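Colleague: I am new to this structure. Please show me how to read some of its features.

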Amino acid sequence: MSNLKLGVEVVSAHDLVPKDGHDSSGVYVELQFEGQKFRTTLKEKDLSPVWHESFYFNITNPSNLRDLTLDAYVYHLNKATNKKSFLGKVSLTGTSFVPYSDAVILHYPLEKQRIWSRVKGELGLKVFITDDPYMSSSIPMQTMQSTMNVNPRSAEPIPNPFSNERAESRRTFHHLPNPDRRKQNDDASAAGSLPKPNLGSYEMRSGPRPPNIVHTYGGPSPMQPGEYSVKETSPHLGGGRMVGGRLIPADRPNSTYDLVEKMQYLFVRVVKARDLPSKDVTGSLDPYVEVRVGNYKGTTKYFEKNKSPVWNEVFAFARDQVQTSVLEVVVMDKDLVMDDLVGLVRLDLYEIPTRVPPDSPLAPEWYRLEEMNGEKSKKGELMLAVWYGTQADEAFPDAWHSDATSATDSSSAIYGHTRGKVYHSPKLWYVRVVVLEAQDLLVSDKGRFPDAYVKVQIGNQVFKTKPVHSRNMNPVWREEMLFVAAEPFEDHLILSVEDRLAPNKEETIGKVIVPLSQVHRRADDKIVRPAWFNLEKSTSAAMDVDAGKKDKFYSRLHLQLCLEGGYHVLDESAYYSTDLRPTAKPLWKNSIGVLELGIINAEGLHPMKTKDGKGTSDTYCVAKYGQKWVRTRTIINSQSPKYNEQYTWEVYDPATVLVVGVFDNSQINGGSSGNRDVKIGKVRIRLSTLETGRVYTHSYPLLALHSSGVKKMGELHLAIRFSCTSLLNMMYIYSRPLLPKMHYVRPLTPMQQDLLRHQAVNLVAARLSRAEPPLKREVVEYMSDAHSHLWSMRRSKANFFRLMSVFSGLLAFGKWFGEVCKWKNPVTTILVHVLFGMLVLFPELILPTVFLYMFIIGLWNYRYRPRHPPHMNTRISYADAVHPDELDEEFDTFPTTRNSDTVRYRYDRLRSVAGKVQSVVGDLASQGERIQALLGWRDPRATVIFILLCLVAAIVLYATPFQVVALIIGAYVMRHPKLRHKVPSAPINFFKRLPAQTDSML
């Protein structure tokens, strides 16, 4: 029988229906799961009872857990009649059960049992899965034993879906393993493990066409030079040829890697050796193996004094780089001066078999070692497995690659920095700290009251409250702070109460250290109960859990602490975020589709470093979507690298962005930037701009902005497919809020968002830089656009022109209407008069006409819709006409490192621009103040004229039909130029004469 248990903590209820006629209810909760029943204690005369009682149910068959239901019934018990009344229920399906580490308290609205039931209120529950055999109910009152008869001797062992072993071997974003969905292995690129989506109308079966490159229309955005445009391609992929997003299947399609080109590799698995002969006088042996294919050589690690070593290492040689017909596997003896030959194995490459997944792995065989002259050795055997395969092979991700290591240097140190890996961002939480008050503070000077403040710290995040100079030893602050923390929690929450003795002299009154793992987690805006914490004199005393038993008197600090699980921790800009889910897993919705990315190759890359007098590049790609980061292997010494790696993500919201960046590896061949990986360019693709089921194969220009201007650093060839599981669910997502509910219930200020985003990026960069191979800080910051909030004259101009583009339609309409009023085209003006008269006489046609017009415009624009995902536009970014000094200012550090003359010039330029903005803002304010002056009696005569006109207008409009008034106003506005005066009209003259507050400004 399984040790897996379902834990349920009944926390509280709120706003229940009174049932006993005294505006209160004696209530209890009854839990039912898989034939097992438990009930809480009875809370009398309490409409908002609090229990905090835990119960644990046995799970007989974990594989059916997703189909089971937990029911929680709330009853009122009448002790006089011993009858119970129904107050509401909550039903939870097995798909919402999460492990204990991810569980948070959720308040569920009570549901009706029947249509006529009177139900209201909420029930707070914490539901989780645990396999701890020592867990037991806190205050269980079991009303019925399980009706299931299970024989423990005959029961077969049932796997635990939440065991640690399974979590290490498989990472997924599901709450529970789904047997209907194929398992996903992120480290193996996980591209083919998901079911192949149905391409629908995009699938064709016809003969192959010659490859072509098509420049497509870029939509309504400003056009840019052709070399900076996205180009559609028709490559040969694993599933066939792609032509215009349509798949022409191959004869034998590769179902696993169908978005990349099929690449052939020679795989050599060196398993182990036995009975190796000794080469030293001492009789010891330090063996290692060299795998040689032409000029390429791979080396295993060596073992000291071991004649039967076990390596189990795989080497992959690109077949198109193999220029020999013989494979040599050489066993060597490590020595201080010169390594000795132990023996070798020669294999004919023409006799190597080919393995095609999903075939089982090739069984390794023992080979007798040979001497250099070809004679068989008396001792020593080597176990090998050699086969031809593709990048879809299971051994590909962890193999040593010939194209990722130079032919002259195959050291393991370089190999460790060239491997492709899958990374997961740490789980981020907002930590809310409310410092309420302190009690009984003890200061060194007994004759003075403390000028106290509280310093709060988590890692390198430090905030301080305002100093409070109270007339007692109980200062009150009531200040709230927000921090960012990452699981697993490595830093504690440290609070220290400081006494300000002088401007630069402070004294620590006491400290409080709270482990974040013990802080209450919440997923909603329910009130968190504050708690008192004893102040200790030192950090060691604050960390001592038994310190409270030593002293009887303590200064205390009143705090309100919680981990906010209802927010999405913003670690990137909200405009192009790759993930919008809240921290708490129980609040996650089901996925709406699958995103598949094939990183095919890069072309025309600029050399980023020099080797042997020649320019070269050692590049790799990084893709980010949601919490999953992927890094391809590094291709050495190539300006046209071929990656051909495919990755898969689950999609929860279409309003998210996939980011793919290209970097040069500074760990190989050195570099001009020291130990920092150099950014080459990146691509952003918004999922909502992709058609479902279509495969987009495009070559994206890698555009980088330097101090000398914008440069095209090369092109990146990608294949993208977005497949949705349910179109109705995706349409429903468009009606939901973009961010989780807590962002609207308790919104964060813009200043808080910027500060917390900066801290979140630092945490993610610190964690990913500790992986192997590391994903460096500069890579994480570039992919997350960590510095996009800094000042830039270029961005300011670009945003201004974007704003003008948005209002260009209104400006064009105003210009056209002005021409109508001036009778530039009499026929058009007459038709506008007729249309205006019809709309005034039949006002019920106004809204239908507007919406029908927008419908027709939408249909007309369909033929001009974008044919490819939008890419970075140099015209929109104002990067093609920017002044060099503005670029130099943008790339300047903060604070500046330029000389005083340059800074003075830029400051004067900024003052000039700010002066123009100041004038515009002042003019707008003046117009608004004139409107206020109409009834403000600042100009008594103007106000008298205006209110008399309002009285006359009220009488006239009351006696005159609205249609007549509208026709008169329209005819007056669109009157013929012969009826117009060259001077402004009387209403405009009257408005301009109204006073504003400009004469009151200094």
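Modeller: We will take helix packing, a sheet, and some backbone details in turn. This is a predicted model, in which local features need pLDDT of at least 70 and side-chain atom pairs count only at pLDDT 80 or more, while totals for chains, interfaces and linings use all residues. Residues are numbered from 1 along each chain as its sequence is written, and side-chain values use heavy atoms, with hydrogens and water left out.

Colleague: At what angle do helix H6 and helix H7 pack?

Modeller: Two packed helices are described by the angle between their axes and the distance between the axes. Here H6 (residues 750–768) and H7 (residues 777–784) pack at about 140°, with axes 8 Å apart. Helices (H or I, at least four residues) and strands (E, at least two) are DSSP runs, numbered from the N terminus. Axes are lines fitted to C-alpha atoms, for helices over the stretch in contact, and angles run from 0 to 180 degrees between N-to-C directions. H6 and H7 are therefore oblique to each other (under 35 degrees is roughly parallel, over 145 roughly antiparallel, 65 to 115 roughly perpendicular, the rest oblique).

Colleague: Which residues of H6 and H7 make the contact?

Modeller: Contact means heavy atoms within 4.5 Å. H6 brings Val761, Asn762, Val764, Ala765, Ala766 and Leu768, and H7 brings Arg777, Val780, Glu781 and Ser784. The loop between H6 and H7 holds Pro773, and the peptide bond joining Glu772 and Pro773 is cis, with omega about 0°.

Colleague: What is the strand order in the open sheet of four strands?

Modeller: Strands of a sheet pair through backbone hydrogen bonds, either parallel or antiparallel. In this sheet the order is E4-E1-E8-E7 and the pairing is antiparallel; two strands pair if DSSP finds at least two bridges between them. E4 (50–58) and E7 (106–109) are at the edges, each with a single partner strand, so one side of each has no neighbour in the sheet. Four bridges join E7 to E8 (residues 122–130), and Tyr108 stands opposite Leu123 in E8.

Colleague: Is Lys305 exposed or buried?

Modeller: Buried means under 20% relative accessible area, exposed over 50%, partly exposed in between (1.4 Å probe, protein chains only). Lys305 has 69% relative accessibility and therefore counts as exposed. Lys305 lies in the loop between strand E17 (296–299) and strand E18 (310–318), and has a positive phi of about 55° although it is not a glycine.
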